[in-house]
Amino acid sequence: MILSRRACALCALGAAALGAAVAGVNVVRGALFALAPGVGGMLAASLAVVILSLAAVAPPALGVARERAWSEPGPVEAWLLLVSATPALIVGMTALVWFVERAGLGFSLVSGALGLALMNLPFAALGALQAVRQDERSAGTGALALGVPEARVFRDIVLPASAGALARVALRAAARAFGETAVLMFTAGVEPASASPRGLMGGSATLAVRLWYLTSQGQGTGAQARACALWLTVIGVALALAGRPREAPVTERGR
Amino acid sequence: MAWRWLLAAAVLGGLAPWLLRSVPVRIRVAGSTAFLPLVLRMVAAYRREHPGVEIDVTGGGSGFALAQLQRGVVDVGVSDLPRAAPRLVTRPWARTPVLMVVARRLGVTAIRRSAIRSLRGSSRPVWPGTRRPVIFVERPYGSGTQALVERWAGPLNPRLRPVILGANGLVAQVVAATAGATGFLDASDLRADLVPLRLDGVTPTLANVAAGRYPLVLTARILTRARPGGEVRRLVRALTSTRAVAAAGRPLGYLPP
Amino acid sequence: MVADQDRQELTERFHIERLWVYYGNTPALRDITVGIPADAITALIGPSGCGKSTFIKVLNRMNDLVPGARITGTVRLDGEDVYGPGVDPVALRRRVGMVFQRPNPFPMSIYQNVAYGPRVHGQRDERKLRQIVERSLRQAALWDEVKDKLHRPAMDLSGGQQQRLCIARALAVEPEVLLMDEPASALDPVSTAKIEELCQSLKADYTIVIVTHNMQQAARISDRTIFFLAGEVIETGPTSSFFSTPKDRRTEDYITGRFG
Amino acid sequence: MRPWSALVVLVTGALVATLVHEALPALVPRALPELWGMAFSPPDRFGALGPLTGSVAVAALALALAGPVGVGAGIYLGSLAQGTWARLLSGAIDTLTGVPAVVVGFLATSFLLPVLRVVAPAGGGYGLLPAAVALGVMVVPTVEGFAADAMRAVPADLVAGSLALGATLEASVLGVGVAHARRGLSQAVLLGTGRALGEGMAVEMLVGNAPHPPALLAPSQTLTSVLVQQFGLAQPRSLWAHALAVLGILVLALAAGVSALGARRA
């Protein structure tokens with residue numbers, strides 16, 4: 001036997017230790033600096049772009065889910081799966097051309113939110129589709145058999161039945177958007193929010209972009225960088241954990 | 001049903017930039033990080049005098065400012081690059097010395113231009129008087145500092161493998177941590193464990209820059225697209241006032257042109 | 001002979017002729033010609049995969065939702081082609097109700113489950129809705145068990161109760177036909193007995209088509225039986241003679257348990 | 001196709017089309033000097049081969065580090081794990097999922113680079129190695145997730161059959177289960193590679209970004225690090241910008257291609 005159970009467990013524990021180190025070091029070192037100047041504004045900017053991007057991505061994602069809820073996965077799903085592997089960096093480059101330059105939105109939170117929505121579009125559409133198809137007791141089919149039109153069934157039965165799964169997809173999309181740097185760097189700018197709020201049309205650094213900027217400016221040891229890292233980790237992890245898919249409990253075999 | 005929503009969204013999307021832009025006047029400024037402290041100081045003063053105007057300031061570097069000016073994303077750019085930019089209007093603005101630094105513990109405090117040139121041209125450069133190899137920390141293409149250094153100190157021997165860093169702050173960090181390393185940066189990124197070298201016997205001070213003695217001086221220009229509109233023109237005029245640059249710049253390490 | 005056939009035509013609700021159903025290129029039903037009588041219970045029996053579930057889904061066009069499914073031939077409901085141009089499957093399903101193998105109540109209260117269909121079909125009057133809910137629940141023999149907890153979530157009911165709720169839900173839109181796809185296969189014997197009883201009482205007003213695995217069940221409750229094997233109808237006839245004197249050898253083998 | 005699906009497919013298609021359009025002027029023969037050179041160094045050297053090798057090398061190295069950890073954890077969590085330890089471990093990996101890439105990059109610059117700087121002062125600690133370590137940390141959850149899925153898809157009867165022959169649970173899972181899930185496990189590694197190839201920010205912070213042939217502990221380039229640094233700097237419609245778009249196409253093709261290979265079902 002090449003791998004023993006112990007070796008498996010050791011590998012796994014290695015991963016666990018890495019995870020714990022990443023989280024732990026941040027919490028301990030960052031805690032003292034959580035309220036470094038400027039961080040509040042960036043936290044607000046981060047949350048604002050995330051919420052805006054979710055609002056922008058929800059209609060198309062739910063629209064696709066509604067249209068394809070009763071179809072077998074086909075070319076649309078295959079295409080979405082393919083483009084969901086598009087690196088965020090590429091999405092950021094496109095968003096710079098589309099939103100910042102062509103649409104004239106400039107470096108702004110609106111551009112950033114649209115860029116994030118573009119990044120999350122295939123992910124959210126696939127996630128929403130999976131969520132509505134998971135309607136295990138097929139209450140939707142039951143309603144169709146009553147002679148209720150598909151759009152009505154989707155709204156009245158399928159959406160409420162899959163609300164939990166959809167919410168978890170939204171949380172995962174939010175986690176991706178919250179920690180995203182490449183997209184926002186090209187769309188929302190890198191400077192910290194000033195004391196006066198500049199609104200959604202103003203450019204503003206989000207936590208992730210600011211952390212990248214500070215680190216790449218050689219200021220990664222400062223209080224602001226640590227505060228950014230702390231907030232990013234705490235909120236990112238919270239979103240990811242809250243949004244983690246419910247899976248069937250690990251089956252207990254044999255013994 | 002969905003088509004109707006899509007149509008509405010498309011119309012709204014088409015109108016959005018116009019709707020949103022017509023809110024208050026918003027001027028976007030971007031440019032050289034070496035001159036960012038001065039820009040921020042002067043823009044803050046301008047904001048106090050013109051409360052109705054929104055001004056966004058982003059660093060991003062000279063190359064970034066040039067590119068985004070041409071894209072129409074930025075209204076005012078600050079560039080310390082010598083290269084000309086087509087269809088952009090250029091105005092001289094401010095100067096600052098570029099420091100050649102080494103780690104304090106290396107013990108070197110002065111160097112002559114000829115010595116630097118021969119070190120940069122050598123395939124195995126060694127610090128004079130020691131056997132410690134020279135490690136060059138450079139800036140990428142698009143940096144005004146790098147362009148200035150290459151013009152003054154000559155190109156690097158192509159067989160060398162320099163560390164290339166995206167920002168002066170990083171240069172400071174790496175040079176301080178690496179014995180034998182040397183790089184160039186502006187005064188605002190100097191730290192206590194670095195020594196700015198005397199070049200050809202001249203100490204890098206503002207007085208020496210003003211007197212024309214210090215050889216490595218970075219000049220920044222303010223750029224706009226041709227014939228900027230009212231608010232932008234007013235801001236540019238305020239920024240390029242020699243007296244204002246002198247007053248705001250001296251304590252930060254900048255001089256008017 | 002001719003007279004007998006005529007009489008049958010008159011009382012037929014569904015008439016299916018030369019029906020083929022394909023999934024992709026594989027035929028699932030081959031050349032089915034059969035009638036389904038009105039106001040009677042017709043049982044569809046046969047081993048798994050024989051096509052009886054496909055057949056029942058053709059009757060209310062739920063098969064439209066199965067990707068890659070294609071049909072040829074005609075299915076007539078009261079003489080009207082179910083797959084004809086201009087037929088709205090949504091309207092058709094209102095006339096032909098369906099109950100599924102696994103109870104699938106909507107994520108709503110008991111009351112809302114039953115009221116949902118009529119409401120979607122335009123019934124706005126709350127008093128009338130209440131009457132419909134009570135009548136449907138009584139018809140489904142569930143009223144006495146749930147009348148005090150109409151506004152509790154339907155998911156709180158037991159499996160057998162949920163299935164009767166689904167029947168009540170189907171009855172509430174006043175269909176003419178009720179299709180049942182193995183409605184008792186996921187239930188315990190007591191619940192099964194209740195469902196069987198219920199079918200008997202509904203027979204007077206509804207045409208019922210029931211798919212079942214259980215031959216005793218078919219023999220107990222149905223008036224006619226159709227036997228499917230490998231996508232074909234092997235034999236059809238009145239249940240009494242079907243089980244006592246099967247005409248086809250394969251039918252006999254199946255009902256005596258020699259295969260399937 | 002119905003409107004929303006059409007819209008989503010169109011928008012995502014337009015994304016790819018925009019990139020190709022931006023790159024078009026650089027794709028005509030001999031438009032780019034040194035397209036197959038080892039250095040991408042504006043204003044005049046646009047060698048794509050160097051960054052390409054860097055990207056492939058850093059992803060391969062990252063998977064060499066993270067693959068065994070991820071697959072091991074996946075096998076353990078997907079089939080063997082029970083009780084508290086399993087829950088703790090899967091919680092830890094889910095936690096890792098939520099740590100943004102930029103934070104991993106930040107931590108590596110704060111803790112890993114200073115150490116490597118002592119080992120290899122001439123390169124400032126930068127190179128493929130620190131980038132690969134950071135990438136490895138990032139892709140562990142991806143690999144673990146798909147590997148665990150593959151193990152859960154192993155029919156219980158199969159393992160039970162092996163148990164019935166008197167084999168221990170470990171032997172049954174590792175022998176029969178892993179053999180059955182082999183394809184799924186390799187797909188997990190491919191999907192991790194796809195993610196590693198496309199990641200830009202953390203790599204940019206650690207790889208050193210110098211136009212030299214890739215090296216473990218000397219500044220090197222990857223496709224993504226060049227794009228992060230230079231895409232905002234290139235003047236629109238310049239040869240530089242078109243050359244960057246070519247790199248973008250390479251990143252997209254690599255990342256999406258490898259992921260598609262991994263996502264393909266038997």
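Buried means under 20% relative accessible area, exposed over 50%, and partly exposed in between, with a 1.4 Å probe and protein chains only. The model shown in these views is predicted, so that local features need pLDDT of at least 70 and side-chain atom pairs count only at pLDDT 80 or more, whereas totals for chains, interfaces and linings use all residues. Residues are numbered from 1 along each chain as its sequence is written, chains are lettered from A in the order in which they are written, and side-chain values use heavy atoms, with hydrogens and water left out.

View 1. D:Pro121 counts as partly exposed because its relative accessibility is 36%. The residue lies in the loop between α4 (101-119) and α5 (128-152) of chain D, helices being DSSP runs of H or I with at least four residues, numbered from the N terminus. Residues up to four places away in sequence aside, D:Pro121 touches B:Ile135 and B:Thr178, contact meaning heavy atoms within 4.5 Å.

**View 2. D:Pro121 and D:Leu217.** The C-alpha atoms of D:Pro121 and D:Leu217 are 9.2 Å apart in space, while the two residues are 96 apart in sequence.

**View 3. The interface of chain B and chain A.** Here 21 residues of chain B are in contact with 20 residues of chain A. The rule finds one salt bridge across this interface, a salt bridge being a side-chain nitrogen of Lys or Arg within 4 Å of a carboxyl oxygen of Asp or Glu. B:Arg71 forms a salt bridge with A:Glu101, with 2.4 Å between the closest N and O atoms.

Conventions
Helices (H or I, at least four residues) and strands (E, at least two) are DSSP runs, numbered from the N terminus.
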